Each structure stands twice: as C-alpha cells, then as structure tokens.
Amino acid sequence: MHTDIRFRAGLRLVCEEACTRGKVPVVIADLSAVLTRIIGEAQEQEELTAAQSPELISSLVLSLIFGTHYTTPPNGPCDGTEQVCQVLRLLSRNTAAPADRPEGPCPAR
C-alpha cells in the first residue's frame, strides 16, 4: 500500500464508491472472508487464541492494516507491518510476556 500509488488510488476509489452506496467495498469483504477463514484455521490448530471469534479478530486485523497505512509515515522505520505482527503475536495461543518472547518473524508471513 505504501509503494504502489495505483493500488492506493484504486482502493480509495473503490472504498469511496461503496461508501456512497452505504456498502462495504467488495475487495474489503473478500479480504475479510479470507482472513476469517485463515484465523479460524489457526484457532483450530491452536495457534491463535479462541477466546474471540474469527470474525472479530479479522475485523481487528483489517483495521490495523488500513489504520497503520494512514498513521505510519511511508518512509519511517517500518511500514506498519511490524505493528500488525505484534498484535498477531499478542493473540497467539502461546502468548508469553514480551521480554520472554523472542522477536522472530511475524507468524502471518
């Protein structure tokens, strides 16, 4: 999202058009469905907490993805990916205290 201006412009137009109709953009609904399925599978494999529904976690992840895009400087130390990864680690079934947990690759990568 930070590097492809055409993608950003297209996404903005799709979102604005859907908003004028009072609808969720199809691309967002599709992404939400895929995330919900992946999160549900991770919960079944006990990789993510099952304390919350896959739909709720999917909504949180989508909010993080789009929110970090608009709140993280494009030339900053990271593109928001690390913030999303930190939240996924937080939701991990094997959550340890941050000082005890190694900073490895994001579980969603």
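Modeller: Gladly. Let's begin with a definition: a disulfide is a pair of cysteine sulfur atoms within 2.5 Å. The structure holds zero disulfides. This is a predicted model, where local features need pLDDT of at least 70 and side-chain atom pairs count only at pLDDT 80 or more, while totals for chains, interfaces and linings use all residues. Residues are numbered from 1 along each chain as its sequence is written, and side-chain values use heavy atoms, leaving out hydrogens and water.

Biologist: How do you know that Cys15 is too far for a bond?

Modeller: The closest cysteine sulfur to that of Cys15 is in Cys19, 8.7 Å away, so the pair is too far for a bond.

Biologist: Why is Cys19 called exposed?

Modeller: Exposed means over 50% relative accessible area, buried under 20%, and partly exposed in between (1.4 Å probe, protein chains only). Cys19 has 59%, so the label is exposed. Cys15, at 26%, therefore counts as partly exposed.

Biologist: What makes Ser58 buried?

Modeller: Ser58 has 0% relative accessibility, so it counts as buried. Ser58 lies in helix α3 (residues 54-71); helices are DSSP runs of H or I with at least four residues, numbered from the N terminus. Leaving aside residues up to four places away in sequence, Ser58 touches Ser32, Leu35, Thr36 and Ile39, where contact means heavy atoms within 4.5 Å.

Biologist: Which residues of α2 are buried?

Modeller: In α2, these are Ile28, Leu35, Thr36, Ile39, Gly40, Ala42 and Gln43. They cover an arc of only 155° around the axis, so they sit on the same side of α2; the arc is taken from the directions from the helix axis to the C-beta atoms. On the other side of α2, Val26 and Glu44 are exposed.

Key: Helices (H or I, at least four residues) and strands (E, at least two) are DSSP runs, numbered from the N terminus.
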